[in-house]
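Open the model in your viewer and set up a selection panel. The stops below go from a pocket to a loop residue and then to a helix.

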Amino acid sequence: MNLYRLVSKGCKLVGCGSAVPNLQVSNDDLAKVVETSDEWISVRTGIRNRRVLTGKDSLMDLAVEAAKKSLQMAEVDPDDVDLVLLCTSTPEDLFGSAPQIQKALGCKKNPLAYDITAACSGFVLGLVSASCHIKGGGFNNVLVIGADALSRYVDWTDRGTCILFGDAAGAVLVQACDSEEDGLFGFDLHSDGDGQRHLNAAVKEDEMDSATGSNGSVFGFPPRRASYSCIQMNGKEVFRFAVRAVPQSIEAALEKAGLTGSNIDWLLLHQANQRIIDAVATRLEVPSERVISNLANYGNTSAASIPLALDEAVRSGKVQSGHTIAAAGFGAGLTWGSAIIRWG
């Protein structure tokens, strides 16, 4: 395949799917374990319910179910998938979970599968990565999956954070096409490590475990086992960051695409908080009837939130083939990014 052929490729979004755990936890349920109320949560966040993985569930099972649904809609055989991008910050294996999806789908040609860690911006980064692999690497069918189980890293005694998060998976199949049909019109991606102090789940050393006793502590060897702390978040700072950075990013992506806000059929933001979604829509002058929101039912599902909301909107007939969507993710890192895409 010569370089000209590669450069002249486009990509389009041709299938989507999603999956959520069975256990639904309402605000009233939460009020039994932490001091809060349905009114307090819904007024501040817009969230009423969230889905949570329980003992017998696996995040990868959800990811595989979402992936299968997207392949069915796209009418693509698993053997024709040549790349799997799993956008997750909560893999079920430290070394990455994406190959388990390739295995479960039964992709016999052993396509590359790897994880992308960018928290709530992960899915947008995955879409742009898929486009780059298609346009610059000659790939044809790229599965982009957003799947997270932040419930496993939430401090369920902290009412400031535990009310926000839920678990889910969503997937989109991105397919090569002629450049004239390209469905990724423009994108804009950023990170700011300085903001990490506002939102993180950092590695911490476990307390002294009896196996090593105090032997190693003098020289710091052998090292103690490490694990991740619960999610730490300064809500006010994250809110300020999102409301400032996201509209700027969408405007930059629109400019690169040669479009304006009035060309957008739908605004699809990471489903973090209804107040953030409303504030960004207001700044971009997008009327509420053109804003996709489903966080009342699922809460903040991190990298899964955009594909989960997209899948519901597509299957309900809201988003139709040919519609233009401004999508934006934002979150820990800090990372943020937006993409102007066409569905179908």
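Start with the lining of the largest pocket, which divides into 24 nonpolar, 18 polar and four charged residues. Ala, Val, Leu, Ile, Met, Phe, Trp, Tyr, Cys and Pro count as nonpolar, Asp, Glu, Lys and Arg as charged, and the others, Gly among them, as polar. The pocket holds about 1100 Å³ of space. A pocket is an open set of points on a 1 Å grid over the protein atoms alone, where a 1.4 Å probe fits, with protein on both sides within 12 Å along at least five of seven lines; lining residues have an atom within 4 Å of a point. Select L150, F165, L199, I231 and A332, the closest to the centre among the 46 lining residues.

The model is predicted: local features need pLDDT of at least 70, side-chain atom pairs count only at pLDDT 80 or more, and totals for chains, interfaces and linings use all residues. Residues are numbered from 1 along each chain as its sequence is written, and side-chain values use heavy atoms, without hydrogens and water.

Next, select S302, in the loop between α9 (295–298) and α10 (305–315). S302 is buried, at 1% relative accessible area (buried means under 20%, with a 1.4 Å probe and protein chains only). Leaving out residues up to four places away in sequence, S302 touches A119, C120, D148, L150 and H270 (contact means heavy atoms within 4.5 Å).

Finally, select α5 (residues 98–105), where A98, I101, Q102 and L105 are buried. Looking down the axis of α5, these buried residues fall within an arc of 100°, so they line one face of the helix. They pack against α4 (59–74), β4 (83–87), β5 (112–116) and β6 (141–149).

Conventions: Buried < 20%, exposed > 50% of the residue type's maximum accessible area, 1.4 Å probe, protein only. Helix = DSSP H or I, 4+ residues; strand = E, 2+ residues; numbered from the N terminus. Arc of directions from axis to C-beta. Points joined across faces, edges and corners; volume = space filled by probe spheres on them.
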